[in-house]
Amino acid sequence: MDTKKDKIRENLMLCLLAVSPILIGYFFNVMLFIPVIGNIWLYAAPFTVLYFWGWVGTVFQSKFKSLWKSVLIGNLLGILSFLIFVILGTSGAEGRIVYILSIFSQMFTLPLGFITMWIAVLKEGVFDLEEASMSAMILAQAAGLILMVGAFTIGSIVAGKKKA
């Protein structure tokens with residue numbers, strides 16, 4: 001009986017860890033409005049989130065044992081949110097639901113904005129992602145997703161080498 005409860009707890013923990021970048025992205029957005037702390041967090045968040053996501057990669061690797069399986073399952077929500085963002089961004093659809101889904105889909109990589117916004121600067125010469133075109137936004141989201149998958153993969157590789 002305890003083993004079934006332990007498996008349920010373990011799977012629940014993995015689900016919470018998989019959703020955590022979206023929750024972190026939401027709290028990151030809220031913290032940006034706090035004076036002083038928001039400015040510090042803007043620069044510290046990308047590195048903190050990437051380190052955390054690498055650690056999550058070690059947890060998934062210890063559960064699934066296969067590098068590809070752990071990376072795919074761990075980043076599935078990020079990949080899906082990126083696809084939602086691309087579909088909504090290129091469809092030209094408007095409305096409240098589309099706007100909410102678009103914001104939700106960006107939360108996975110939102111704390112990496114300090115690093116990924118440079119794509120818009122290089123591509124279009126704008127220093128604010130609100131002024132950037134949709135193609136620059138998609139590129140910034142793709143760069144954020146690549147960084148997240150990379151950190152996760154490095155964490156998974158490190159965990160796999162420790163076990164071997």
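Let me start inside the protein. Ser-156 has 0% relative accessibility, so Ser-156 counts as buried. This is a predicted model, by the way. Ser-156 belongs to helix 7, residues 134-163. Where does the side chain of Ser-156 reach? To the backbone oxygen of Gly-57, at 3.1 Å.

Val-56 sits in helix 2. Val-56 is also at 0% relative accessibility, and that makes Val-56 buried.

Now step back to the whole chain. The secondary structure is 7 helices and 0 strands. Along the sequence, the pattern reads α-α-α-α-α-α-α. The C-alpha trace spans about 55 × 30 × 30 Å along its principal axes. The chain has 164 residues, and 37% of them count as buried.

Next, helix 2. Helix 2 runs over residues 37-64, which is 28 residues. From first C-alpha to last, helix 2 reaches 37 Å. Where does helix 2 bend? At Ala-44, by about 45°. A proline, Pro-46, follows within four residues. After helix 2 comes Lys-65, and the phi of Lys-65 is positive, near 65°.

Helix 3 next. Helix 3 covers residues 67-91, 25 residues in total. At 1.5 Å a residue, helix 3 should span 36 Å. The end C-alpha atoms of helix 3 are 34 Å apart, which agrees. Helix 3 has a bend too, about 55° at Leu-76. Which residues of helix 3 are buried? Ser-70, Val-71, Gly-74, Asn-75, Gly-78, Ser-81, Phe-82, Phe-85 and Leu-88. Keep the helix geometry in mind when you read that list. An α-helix has 3.6 residues a turn, so residues three or four places apart point the same way. Helix 3 is followed by Gly-92, with a positive phi near 80°.

On to charges. Side chains of opposite charge can pair when their charged atoms come close. How many salt bridges does the count give? The count comes to 2.

Take Asp-6 and Arg-9. Their closest N and O atoms are 3.2 Å apart, and the two form a salt bridge. Both residues lie in helix 1, residues 2-31. They are 3 residues apart, about one turn of the helix. Buried or exposed, then? Asp-6 has a relative accessible area of 42%, so Asp-6 is partly exposed. Arg-9 is at 54%, so Arg-9 is exposed.

The other bridge is Glu-10 with Lys-63. Their side chains meet at 3.7 Å, N to O. This pair links distant parts of the chain. Glu-10 is in helix 1, Lys-63 is in helix 2, and 53 residues separate them. Glu-10 is at 32% relative accessibility, so Glu-10 counts as partly exposed. Lys-63 is partly exposed as well, with a relative accessible area of 28%.

What makes up the nonpolar surface patch of about 460 Å²? Val-19, Leu-23, Tyr-26, Phe-27 and Val-30. Pick out Phe-27. Phe-27 is found in helix 1. Phe-27 has 51% relative accessibility, and the cut-off for exposed is over 50%, so Phe-27 counts as exposed.

Start with Val-56, the buried residue in helix 2. The C-alpha atoms of Val-56 and Glu-94 are separated by 35 Å, with the two residues 38 apart along the chain. Then Ser-105. Ser-105 is in helix 4, residues 96-106. Ser-105 has a relative accessible area of 1%, so Ser-105 is buried. The C-alpha atoms of Ser-105 and Glu-94 are separated by 15 Å, and the residues are 11 apart along the chain.

To recap. The chain has 7 helices and 0 strands. Helix 2 bends at Ala-44, and helix 3 bends at Leu-76. The Glu-10 and Lys-63 bridge links helix 1 to helix 2. And buried Ser-156 reaches the backbone oxygen of Gly-57 with its side chain.

Methods:
Residues numbered from 1 in each chain as written. Predicted model: local features only at pLDDT ≥ 70, side-chain atom pairs only at ≥ 80, totals over all residues. Heavy atoms only, no water. Helix = DSSP H or I, 4+ residues; strand = E, 2+ residues; numbered from the N terminus. Expected span 1.5 Å × (residues − 1). Bend = angle between axes of the 7 residues up to and from the residue. Salt bridge = Lys/Arg side-chain N within 4 Å of Asp/Glu carboxyl O. Buried < 20%, exposed > 50% of the residue type's maximum accessible area, 1.4 Å probe, protein only. Patch = residues over 30% accessible without salt bridge, like charges linked within 9 Å, V, L, I, M, F, W, Y side chains within 5 Å. Areas by Shrake-Rupley, 256 points an atom, 1.4 Å probe, with all protein chains shown as cover. Polar contact = N/O pair within 3.5 Å; in protein donor to acceptor, adjacent residues only side chain to side chain.
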